[in-house]
Amino acid sequence: MSEEKPFFNVSACVLIDSEGRFLMAQRPEDKSWSGWWEFPGGKIEEGESPKEAVIRELREELGVELDPESTYPWVTMSYEYPKTDVLLHFYRCFKWSGELRSLEKQAFEWFTQMPTDRDLLPASVEPIEWLSYGDVYLISNFFDSNEGAGVGHGAGQAPRETAFWAKLTAALEAGVRLVQFREPAAAKVLKTEELKRYLDEMREHCHRYGAKVLVNSCHPRAWAEEADGLHLRATDAIEMELEDMPESGLLAVSCHNLADLLYAHELGANFVVLGHVLETASHPDSEPIGWSQFEQWAAESAIPVFAIGGQNADTFREALRHGAHGIAVLRGEITE
Ligand SMILES: Nc1nc2c([nH]c(=O)n2[C@H]2C[C@H](O)[C@@H](COP(=O)(O)OP(=O)(O)OP(=O)(O)O)O2)c(=O)[nH]1
């Protein structure tokens, strides 16, 4: 007869400072997994919301008061340990008051990337990878991306001479770390080798900044394998079998509804793009889902969700408030 494992409902917080560093703490001696590093937080108490719990835990453990307005729901995921099951509600907080203090005699430290020299609680590893994605996913727009609209700007120009190149450079300088190559209109009229040159130059440019390039599934699959990952259109994801999935690299999926989102999880996606949330020039005839619907579906996701559709620097905070990891941007401007 199998014994039921204890279940813990837990809230944890990623404090992010003005330099973009994140805080981790070492579990104190009197707790399970003592000595292992985690995001500060703890068990949700009876009658408490996950957000109330995270605010209380950081007050108790580190002596800081999180600003509720700047404490955003991020990803909620379950994790099965050999002896316990946990449901982890992760938050990201960008503003708090008070000096960090070690109220449980725990060590804590700021990091900029995966701390490979520490023992990390297994369920903390993926969230650190998600942080490396950055919060803007830039989508290429060398040519007019409206399918059927022909190839307007960009045609006949070298990649570096295009308006998109300048936008890409500004985004990379501003810290964007994920870029998608997606040129459906050009794919129909340009010679394959000609279009590939745009991808190759873009990839080289992105790599200089440590940014990754995913290739949309409207392009040859070999391109994605050469790059850093594959971005599946929703229609391509539906037709995809598990055995056809790439063995390495990042996998992202465009989702328009909850079924798409859940299937993306089945396929093992690293993140999804959900929308379109607001009116957008690329889908003038279809109804946007709006923030409330976005939030409901995003809350079902155990991986990061980027909001897409009418997104720009002005909608960024709104997106975070509704549970987005960040925004996906095609025409919008990114200034920071
Ligand atoms: N705080 C936190 N807990 C995590 C993370 N990842 C992860 O698997 N957990 C697990 C470890 C524990 O089983 C559980 C958190 O419980 P806890 O023991 O820290 O809870 P608590 O602070 O309320 O402490 P107590 O009830 O034992 O006094 O969640 C994480 O990043 N942060």
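W33 lies in the loop that joins strand 2 (22–26) to strand 3 (37–38); helices (H or I, at least four residues) and strands (E, at least two) are DSSP runs, numbered from the N terminus. The structure is a predicted model, in which local features need pLDDT of at least 70 and side-chain atom pairs count only at pLDDT 80 or more, whereas totals for chains, interfaces and linings use all residues. Residues are numbered from 1 along each chain as its sequence is written, and side-chain values use heavy atoms, with hydrogens and water left out.

The phi angle of W33 is near 55°, a positive value in a residue other than glycine. A cis peptide bond, with omega near 10°, leads from G275 to H276. H276 is placed in the loop between strand 15 (271–275) and helix 9 (290–298). Most residues other than glycine have a negative phi, and most peptide bonds are trans.

The ligand is surrounded by 20 residues, of which R27, K31, F39, K43 and Y81 are the closest; a residue is counted if one of its heavy atoms lies within 4 Å of the ligand. By class, this shell comprises 11 nonpolar, 3 polar and 6 charged residues, where Ala, Val, Leu, Ile, Met, Phe, Trp, Tyr, Cys and Pro count as nonpolar, Asp, Glu, Lys and Arg as charged, and the others, Gly among them, as polar.

Polar contacts were taken as pairs of N or O atoms within 3.5 Å. A ligand nitrogen atom is 2.6 Å from a polar backbone atom of F39, and a ligand oxygen atom is 3.0 Å from a polar backbone atom of K43. An oxygen atom of the ligand is also 3.1 Å from an N or O atom in the side chain of S124. Taken alone, the ligand exposes 630 Å², and the protein buries 83% of that (Shrake-Rupley method, 1.4 Å probe).

The domain assignment, automatic or from a database, gives domain 1 (7–121) and domain 2 (136–148 + 157–329). Their centres, taken over C-alpha atoms, are separated by 30 Å. The contact (heavy atoms within 4.5 Å) takes 8 residues from domain 1 and 10 residues from domain 2.

How values were computed
Polar contact = N/O pair within 3.5 Å; in protein donor to acceptor, adjacent residues only side chain to side chain.
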